[in-house]
Structures are given as C-alpha cells and as structure tokens.
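Hi everyone, thanks for making time for this. Let me put the chain up on the screen, and then we can walk through it together.

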Amino acid sequence: DDREIVGCINDSGVPFTLDDLQRPNPQQIQKLFEWFAELLMNTTRETVEPAMRAAAEDICGEHMEVLPADTRNLMGFYVSLRKLLVECGIKDFSFSDLLKPTHERLVKVFSYIINFVRFRESQTETIEEHFNKSETIKARIETLYIENQDMEARLDSMRRERKSMDVLAREKTKRNDELKARLLELKKGQERIAERLESVKNEKGRLTGHLEEKTEKSIAVRRESEKLRPYVLQSPAALQQNLTELSDNLAKDRSRIDGLEKRTRALQTSADTFGIVLNNVNSCTKVLEEVSTELAKEEEENLKAAKRRDALSERGNNVREVERHEAMLQRQLKRWLERTETVRNNHKEKQEGAKAKMEELRGVHRGLTDERSEKGKEMERRRVRIEQTEKKMADLKENIEMEIHAAHDEYMKMDSHIKLYITEMEQSMC
C-alpha cells in the first residue's frame, strides 16, 4: 500500500511523505528517480551530460543551444532509467511518468523498484561475486589487448626492419655480384700476365744460353788466334788477310754482343715490369682475399637475416594463433554470459510468479477468515476448505521451493562451467 511504499523510501534515506505520493510533484519525482538510478546503475543527469552534449554538437552543430541542456540531459537520463525499469518489470514506462506523474503509476513503479531493490540486497554476495569475476575478466582482456598491441607494434617494427634488411641484402648481393665479376676479370688478367711472364722468362733463359754460347765461341776463337799468331807473322799477306777476316769476325761478334746486350737489357726491363705486374697481381690477390672474406661475412649476415626472417614469420604465426584463440574464448565467454543471464531471468520470473501466487493465496486466506467470523454456521465447512487450501499452498510452496532449488542447482552448474572456462582461458592465455 501507499504507507509501505512511503516507509520504504524514507528508510532508504530520502524524505518522502504520503502527500508527495498522492499529489506528486514532477521535480521531486524526477529527483527520486534519479536517486534510485544512481543507487542501482550509478547514473545521473550529470553522468549523461557529456554524451548528450556531444550528441547535440554532432546533430545541431553551432545551433546546439536550440535544445536546452536540462531538457537533453533529462532525455538521456530517461533512456537509462527506462532500461532499469524494464529490468524491474515495468515495460510501459514513458516520458510522461517523469513530466506528469500520477498516483496510480507511481504506486506501480515504486512497488516494482522496491521489490527489485530487496531482491538485489538479498543477492548482494552473488552479484558482487559475478561483478568481481567480470571485472577480472575485463582486466585480463584489457591486459591481453595491450599485449596484443605491443606484439603488433613489435611485429610492425620487425617488418620495417625486415624491409630495410631486404634492401641492404639486395644492395650487398648486387655488390657481391659486381665484386665477383671484377674478381673473375682480375683472375683472367692474372693468368694472362702469368703466362706472359713465363714465356718472357723462357725467352730470357734461351737468349742467355745463346749469349753464353757465343761468348765461349769468341773466347775459343781468341785462344786459337793466339796459337796461330806466330805462324801468321811469318807471312804478311796471309797475316793481313787473316787480320782482315779476324777484324770482320770480331766486328760481327761485337755487333752480336751489342745486340745480345740490348736484348738482355730489354729482357731485364721486361723482367722488372713483370715484377711490378707480379706485385700488382699479388695486391690484387690480397684484394680478392679481402673480397672473399667480405663475401663470407655477407653470407653469414644473409644466414642471420634468414634466421631473423624465420623467427619473424614464427612470431607472426604465434600472434595470429593468439588472436584466433582470444576471439574463440571471447565467443565462448559471451555464450556463457548469455546463458547465465537467461537462467537469472528465468529464476527472477519464477520468483515473481511465486510471490504473486503467495499474495493471491494470502488474499484468499484473509477472505476465508473474514467469512468465518461473519458466518459461524459454516465454520466447519470453511475450516475444511481452509485446510485444503493450506495444503495446496504447502504443496505449491514445496513445488516452488523445488523449482527454486533446481534453478539454483542449474545456476551453480553453469557457474562451475563458467569458472572452468575462465580457468582454461587464463591457462591458454598464459
């Protein structure tokens, strides 16, 4: 009744009188609804004000003052309040209940709200337990999301590093190809120079042997001429002739010796040139060895880059696997939350039905009691009816309690399933 509703509101800490309920004031009723919304949903006009202001800016732009701030905040608060009252069982709550409240509507709405508050107080431990679990899951999801963002950032940096390393690898490969081509050219030049040097050495040896042979022959001729000199002195004409021949031979030998000396100097110059070329070839060989060392280093770097690319691919696969597993766990969690909400709604509907039946039976019991006091003649018959009615009430109460226990058992099973899935999610995420 009205006094019970007023008493419950006053017990909650809000001053409210019977006259306020019978002749409601829209401003006072709005404040009372705002107090209930803040108690149950932590929602007031101030909490919805930023969102409504942003919506007004998006819709009206510079002309947002056309819609007053109090009006748009009240509209936003009405949307949140309507959601709360739908959960309480009021399906037909309208904006007129805030602007033009009536006594009959307020009695109905406040009755449903008070019953919902009592039910919420009786289920405080369960609500806090599930709220803490949901907060833990949200924190875990946020942690996984942050870790996923970090992994994506690391993956992007590794991809950028891979691209830069690919560019460096292509440049180094191009350089290696150029160095290899240059190395092949230098090797061919070295082989040509070595062949030419070998032929020059052979020619030098041949000419040196020929020069020694001519020198030995010249010395032998001189010795023979010394031996023949006493015989030649005895005949001037023969001596003159021999002298002429010897002079000619000597001139020829000198010209040959000069030619051989020139050839020897030329060969020496060629030998010096070949020595310089040989030094250049040796320096080129050293350069080739350094190039080979650089090539070996480049190959090692290429192997390291390949290993890094493989590691990057493996990490990318791991990231995709974690994302897929996270999405699957999110879907499972959503399904179980929906099932839990369905069980909770069924339990609430059954409890409300049981309360309605109990109220109806209490009314019947009061009517029978009044009729017994008025009609004494039918007392025994009414007593039998009352006993039968009480028996039906006991049976109905027992059935209701059995349904409540069954719903509670089903709820506990689903709660254990949710805990198990959450544990599996945490294990898989770890």
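Let me start with a question for you: in which helix is the place of Leu396? Leu396 sits in helix 10, which covers residues 379-429. Helices here are DSSP runs of H or I with at least four residues, strands are runs of E with at least two, and both are numbered from the N terminus.

Before going on, a word on the source. This is a predicted model, where local features need pLDDT of at least 70, side-chain atom pairs count only at pLDDT 80 or more, and totals for chains, interfaces and linings use all residues. Residues are numbered from 1 along each chain as its sequence is written, and side-chain values use heavy atoms, with hydrogens and water left out.

Back to Leu396, then. With a relative accessible area of 23%, Leu396 is partly exposed. For these classes, buried means under 20% relative accessible area, exposed means over 50%, and partly exposed is in between, using a 1.4 Å probe and protein chains only. Leu396 and Lys357 are 39 residues apart in sequence, and their C-alpha atoms are 8.9 Å apart in space. Helix 10 also holds Met393. Met393 counts as buried because its relative accessible area is 18%.

Now the whole chain. The secondary structure comes to 10 helices and zero strands. Of the 430 residues, 23% count as buried. The accessible surface is about 30400 Å², and 53% of it belongs to carbon and sulfur atoms; that area comes from the Shrake-Rupley method with a 1.4 Å probe, and for residues only the protein chains shown count as cover. Among contacts (heavy atoms within 4.5 Å) with a separation of 6 or more, 71% join residues 24 or more positions apart.

So where is the largest nonpolar core, and which residues have the most contacts inside it? The core has 31 residues, and Phe33, Leu81, Phe93 and Phe110 have the most contacts inside it. Helix 1 (2-11), helix 3 (26-41), helix 5 (69-88) and helix 7 (103-122) each give two or more residues to this core. Helix 7 supplies the largest share, eight residues. By nonpolar core I mean a set of buried Ala, Val, Leu, Ile, Met, Phe, Trp, Tyr and Cys residues joined through side-chain atoms within 4.5 Å.

Take Phe110: leaving aside neighbours within four places in sequence, its contacts include Ile5, Ile9, Phe16 and Phe33. Ile114 lies in helix 7, and Ile114 is buried, with a relative accessible area of 11%. Not counting residues up to four places away in sequence, Ile114 touches Ile5 and Cys8. The C-alpha atoms of Ile114 and Cys8 are separated by 7.4 Å, although the two are 106 residues apart along the chain.

Last stop: the second largest pocket. Its lining has 15 residues, and Ser111, Asn115, Arg118, Glu352 and Lys355 lie nearest its centre. Helix 7 and helix 9 (236-374) each give two or more residues to that lining, with the largest share, eight residues, coming from helix 9. On a 1 Å grid over the protein atoms alone, a pocket is an open set of points where a 1.4 Å probe fits, with protein on both sides within 12 Å along at least five of seven lines, and lining residues have an atom within 4 Å of a point.
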